[in-house]
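Here are some notes to read alongside the model. Please keep the structure open as you go through the points.

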Amino acid sequence: MIFEEALKAVISREAIAFRSNWEEDKFIFCQIPANIPANIIPNMQSLPDIVKNEILININGNITYYAPSEEDLIALDWKIISDTIPC
């Protein structure tokens, strides 16, 4: 899928998207920027369980901003990696 389609999916909270050649523990989702300690993540109501689990298991609670590169923008290998994310 192209970047624009992946971005629409993330913005509409329909799915989590990532580029297939990234490391397996990297993905994109919409969230309001904040500094949140790892012990708070399990109780966050704004995160779907799938996102909480990925954050705590794969990246030890480290969430960062994402700015697409030119390569990301023209990539054709974006894909959905989860079912619909509840609002």
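**Notes on the predicted model**

1. Let's begin with confidence, given as pLDDT (the predictor's confidence in each residue, from 0 to 100). In the chain, this confidence is lowest in strand S1 (residues 17-19), with a mean of 72, and highest in helix H3 (residues 70-74), at 89. The chain has a mean pLDDT of 76, and 75% of its residues reach 70 or more. This is a predicted model, in which local features need pLDDT of at least 70 and side-chain atom pairs count only at pLDDT 80 or more, while totals for chains, interfaces and linings use all residues. Residues are numbered from 1 along each chain as its sequence is written, and side-chain values use heavy atoms, with hydrogens and water left out.

2. Next, the layout. The chain has 3 helices and 2 strands, arranged along the sequence as α-β-α-α-β. Helices (H or I, at least four residues) and strands (E, at least two) are DSSP runs, numbered from the N terminus. Among contacts (heavy atoms within 4.5 Å) in the chain between residues at least 6 apart in sequence, 63% join residues at least 24 apart.

3. On burial, buried means under 20% relative accessible area, exposed over 50%, and partly exposed in between (1.4 Å probe, protein chains only). Of the 87 residues in the chain, 29% are buried. The accessible surface of the chain is about 6,100 Å², and 54% of that belongs to carbon and sulfur atoms; these areas come from the Shrake-Rupley method with a 1.4 Å probe, and for residues only the protein chains shown count as cover.

4. Which residues of H1 are buried? They are Phe3, Ala6, Ala9 and Val10. These residues lie on the same side of H1, because they cover an arc of only 125 degrees around the axis (the arc is that of the directions from the helix axis to the C-beta atoms). Lys8 and Ile11 are exposed on the other side of H1. The cover over the buried residues of H1 includes S1, H3 and strand S2 (78-80). Arg13, which follows H1, has a positive phi, near 60 degrees.

5. Now the nonpolar cores, each a set of buried Ala, Val, Leu, Ile, Met, Phe, Trp, Tyr and Cys residues joined through side-chain atoms within 4.5 Å. The largest has 8 residues: Phe18, Phe27, Phe29, Ile41, Met44, Leu47, Val51 and Ile55. A second, separate core has 7 residues, among them Phe3, Ala17, Ile28 and Trp78.

6. Ile55 and Lys26 are 29 residues apart along the chain, and their C-alpha atoms are separated by 9.4 Å.

7. Asp72 sits in helix H3 and is buried, with a relative accessible area of 7%. Leaving out residues up to four places away in sequence, Asp72 touches Phe3, Arg19, Trp22, Tyr66 and Trp78.

8. Finally, a salt bridge is a side-chain nitrogen of Lys or Arg within 4 Å of a carboxyl oxygen of Asp or Glu, and by this rule there is 1 salt bridge. Lys52 and Asp49 form it through their side chains (3.6 Å, N to O). Both lie in helix H2 (residues 49-58), 3 residues apart, about one turn of the helix. Lys52 is buried, with a relative accessible area of 11%, whereas Asp49 is exposed, at 54%.
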